[in-house]
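Here is a friendly walk through one protein model, meant to be read with the structure open beside you.

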Amino acid sequence: RGGACARRGGKMASTAAGKQRIPKVAKVKNKAPAEVQITAEQLLREAKERELELLPPPPQQKITDVEELNDYKLRKRKTFEDNIRKNRTVISNWIKYAQWEESLKEIQRARSIYERALDVDYRNVTLWLKYAEMEMKNRQVNHARNIWDRAITTLPRVNQFWYKYTYMEEMLGNVAGSRQVFERWMEWQPEEQAWHSYINFELRYKEVDRARSIYERYILFTLLVIVHPDVKNWIKYARFEEKHSYFAHARKVYERAVEFFGEDHMDEHLYVAFAKFEENQKEFERVRVIYKYALDRIPKQDAQNLFKNYTIFEKKFGDRRGIEDIIVSKRRFQYEEEVKANPHNYDAWFDYLRLVESDADAETVREVYERAIANVPPIQEKRHWKRYIYLWINYALYEELEAKASKRTRQVYQACIELLPHKKFTFAKMWLLYAQFEIRQKNLPLARRALGTSIGKCPKNKLFKGYIELELQLREFDRCRKLYEKFLEFAPENCTSWIKFAELETILGDIDRARAIYELAIGQPRLDMPEVLWKSYIDFEIEQEEYEKTRNLYRRLLQRTQHVKVWISFAQFELSAGREERLQRCRQVYEEANKAMRSCEEKEERVMLLESWRSFEEEFGTDTTKERIDKLMPEKIKKRRKLQAEDGSDAGWEEYYDYIFPEDTANQPNLKLLAMAKLWKKQQQESEAAAMDPDKDIDESQT
């Protein structure tokens with residue numbers, strides 16, 4: 001029992017000891033997140049902001065003896081050395097250390113620090129500059145030269161070293177030394193500003209020949225090495241020569257520049273500068289030549305400044321003709337750009353040719369015409385050739401009327417005719433113009449040959465008409481007959497050609513041939529305008545006073561068509577025949593027409609016939625005939641009919657007017673019943689209106 005108690009007591013002691021070791025932690029009752037959260041980013045930002053807070057300046061320390069000074073130097077040097085030891089690559093620590101030593105006049109120590117820094121990073125430009133500036137500030141010229149030499153040897157592409165070095169030598173009055181540094185610099189082929197600095201250096205000491213030699217070397221580098229192929233360098237060289245009154249040298253520089261850049265790399269600024277130079281020398285003809293040479297070769301979009309300066313020059317020193325030449329030249333450039341962008345833009349070619357014809361020689365105009373007609377449409381369809389063919393026409397007219405070259409005109413026409421694809425389409429205008437040209441040249445056989453060839457290769461109505469018109473003017477009637485025969489073989493349905501042929505025979509007095517032609521014409525199975533042909537035939541017989549033949553023609557025509565206009569024309573013919581029985585014949589025609597048109601579906605035509613008959617009776621008829629025609633006149637009524645859309649759906653109703661003839665009323669009993677129904681409806685409406693009148697009176701009295 002004692003052992004158990006001891007064990008129990010030991011456990012209790014250990015438990016009590018354990019409870020004493022674990023501290024009590026307060027239990028968190030609300031585990032929800034706080035409203036304002038603190039992030040790691042916020043902590044870092046606050047730490048950075050506190051670093052920037054200004055610390056109070058250290059107290060000023062007064063050094064009274066040498067020991068305190070040495071102690072101060074030791075502590076300061078230890079601080080700088082510690083900073084350098086922490087990060088050797090931070091050059092600002094080295095520079096601060098060296099500048100501090102320099103402020104204590106410890107030049108040797110400062111040099112040592114700069115040298116140690118250069119061992120760490122010899123490519124740092126600021127380090128070299130601070131080092132050299134320290135030596136120059138302390139009047140250590142040889143040390144400074146040594147540093148500059150080391151700097152330009154180590155980093156020869158840093159222009160700042162060269163500028164500082166040459167400036168130092170020039171300030172020391174060592175012109176030869178400065179020139180030597182420039183020469184060493186030029187061996188590295190530096191940028192443009194370095195060359196100009198060297199030139200300006202020589203000009204400050206009036207060394208014009210040396211400056212010219214530098215320019216020549218610079219231009220030589222441009223030509224051979226192509227270090228700076230820029231126009232402004234040549235312009236600067238030329239202006240340098242002009243400034244020092246070497247005008248011949250300046251002109252040679254401009255000429256060399258023009259030759260160097262050639263036509264592939266032309267720049268308007270070069271030619272503007274060249275022209276202004278010649279203008280200052282009063283060489284106005286040279287100026288015009290330069291401007292025109294440049295304008296002929298530089299694209300329009302790159303020559304705006306050139307045009308502007310040329311216009312100003314002509315306004316100052318030129319005449320009206322010169323100013324017009326500028327405007328024409330500008331427009332010519334515009335048209336050139338348009339035709340280059342789209343060679344098949346024939347409207348642009350027309351404008352260009354119009355401009356060139358107004359102000360250019362014949363050879364230039366011909367050259368532009370040849371360029372224009374060389375752009376043949378790529379597709380052999382007539383709609384694509386309609387604008388193109390006028391280039392040839394204008395070309396031929398120009399050669400004939402302006403250039404007075406009949407031989408070249410004939411060549412233009414022949415070349416155009418050979419170019420046309422006659423098997424697919426042709427242009428009758430071109431053949432006719434060629435024939436008219438040959439007639440003006442009094443070369444009738446060639447004109448006939450051309451028109452005959454056109455009819456053989458590609459017969460067209462216009463070609464036949466033109467050829468016949470030509471022969472009519474020449475009074476070659478036999479040829480006209482042959483041409484009409486060919487024409488009618490080619491197009492037998494053309495009523496106009498039949499009529500013209502018959503009229504020709506009538507003019508020549510051959511009535512039988514004319515009548516035979518008309519008979520052949522109306523016997524054709526297909527005609528484009530048969531009514532015109534029949535009317536012409538009838539008018540022909542009336543002119544010949546062949547009334548019986550005219551009646552026969554009308555009867556034959558009515559066998560083919562029952563058109564109301566034919567009946568009315570027949571009736572008017574009978575009325576104008578001039579005989580005693582003309583009224584009876586005319587009335588008989590109207591009666592026949594009325595009988596024939598009873599079965600006609602077009603009631604408006606029958607109404608037209610009856611109105612014409614009524615006007616005839618009113619003028620020539622009796623009361624009996626007038627009363628008779630009035631009884632034949634129809635009644636006009638309004639009807640409705642249903643409409644249908646294209647898809648078959650109902651589209652509503654529409655009203656229209658219809659005509660009811662007396663014959664229709666007698667034949668259709670339903671119409672009489674409809675009339676009685678309308679009469680009954682009218683009577684009902686009248687009775688209702690009469691019944692409503694007493695009520696209306698009572699209402700008014702009560703009111």
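Leaving aside its neighbours within four places in sequence, which residues is glutamate 471 in contact with?

## A buried glutamate

This is a predicted model, and in it glutamate 471 touches Arg448, Glu476, Arg479, Cys480 and Leu483, once neighbours within four places in sequence are set aside. The residue belongs to helix α25, which covers residues 461–473. Is glutamate 471 buried or exposed? Its relative accessibility is 0%, so it counts as buried.

## The protein as a whole

Stepping back, the protein contains 36 helices and 2 strands. Of its 703 residues, 36% count as buried. Among contacts with a separation of 6 or more, 47% join residues 24 or more positions apart.

## Helix α23 and its two partners

Helix α25 also packs against α23: the two axes are 9 Å apart, at an angle of about 20°. Because of that angle, α23 is roughly parallel to α25. The crossing of α23 past α25 is right-handed. On the α23 side you will find Ala428, Lys429, Trp431, Leu432 and Ile439, which meet Lys462, Leu463, Gly466 and Leu470 of α25. Sorted by class, this contact has 6 nonpolar, 1 polar and 2 charged residues.

Now follow α23 (residues 428–440) to helix α24 (residues 444–457), where the axes come within 7 Å and cross at roughly 165°. The pair is therefore roughly antiparallel, and α23 passes α24 in a left-handed crossing. From α23, the contact uses Trp431, Leu432, Tyr434, Ala435, Glu438 and Ile439, while α24 brings Leu444, Leu446, Ala447, Ala450, Leu451, Thr453 and Ser454. By class there are 10 nonpolar, 2 polar and 1 charged residues in this contact.

## Helix α18 beside α21

Another pair to look at is α18 (residues 346–358) with α21 (residues 389–402), whose axes come within 11 Å and cross at roughly 15°. Why is α18 called roughly parallel to α21? Angles under 35 degrees count as roughly parallel, so the crossing of roughly 15° makes α18 roughly parallel to α21. Here α18 passes α21 in a left-handed crossing. Tyr346, Trp349, Phe350, Leu353 and Glu357 of α18 make the contact with Tyr390, Leu391, Asn394 and Tyr398 of α21. That contact is made up of 7 nonpolar, 1 polar and 1 charged residues by class.

Within α18, the buried residues are Tyr346, Ala348, Trp349, Phe350, Tyr352, Leu353, Leu355 and Val356.

## Two loop residues with positive phi

Most residues other than glycine have a negative phi. Arginine 139 is not a glycine, yet has a positive phi of about 60°. You can find arginine 139 in the loop between α6 (125–137) and α7 (141–154). Its relative accessible area is 73%, so arginine 139 is exposed.

Glutamine 189 is another residue other than glycine with a positive phi, in this case near 50°. The loop between α9 (175–186) and α10 (192–204) holds glutamine 189. With a relative accessible area of 32%, glutamine 189 is partly exposed.

Terms used:
Residues are numbered from 1 along each chain as its sequence is written. This is a predicted model: local features need pLDDT of at least 70, side-chain atom pairs count only at pLDDT 80 or more; totals for chains, interfaces and linings use all residues. Side-chain values use heavy atoms; hydrogens and water are left out. Axes are lines fitted to C-alpha atoms, for helices over the stretch in contact, and angles run from 0 to 180 degrees between N-to-C directions. Helices (H or I, at least four residues) and strands (E, at least two) are DSSP runs, numbered from the N terminus. Angles under 35 degrees count as roughly parallel, over 145 as roughly antiparallel, 65 to 115 as roughly perpendicular and the rest as oblique. A crossing is left-handed if the near helix is turned anticlockwise from the far one by less than a right angle, and right-handed if clockwise. Contact means heavy atoms within 4.5 Å. Ala, Val, Leu, Ile, Met, Phe, Trp, Tyr, Cys and Pro count as nonpolar, Asp, Glu, Lys and Arg as charged, and the others, Gly among them, as polar. Buried means under 20% relative accessible area, exposed over 50%, partly exposed in between (1.4 Å probe, protein chains only).
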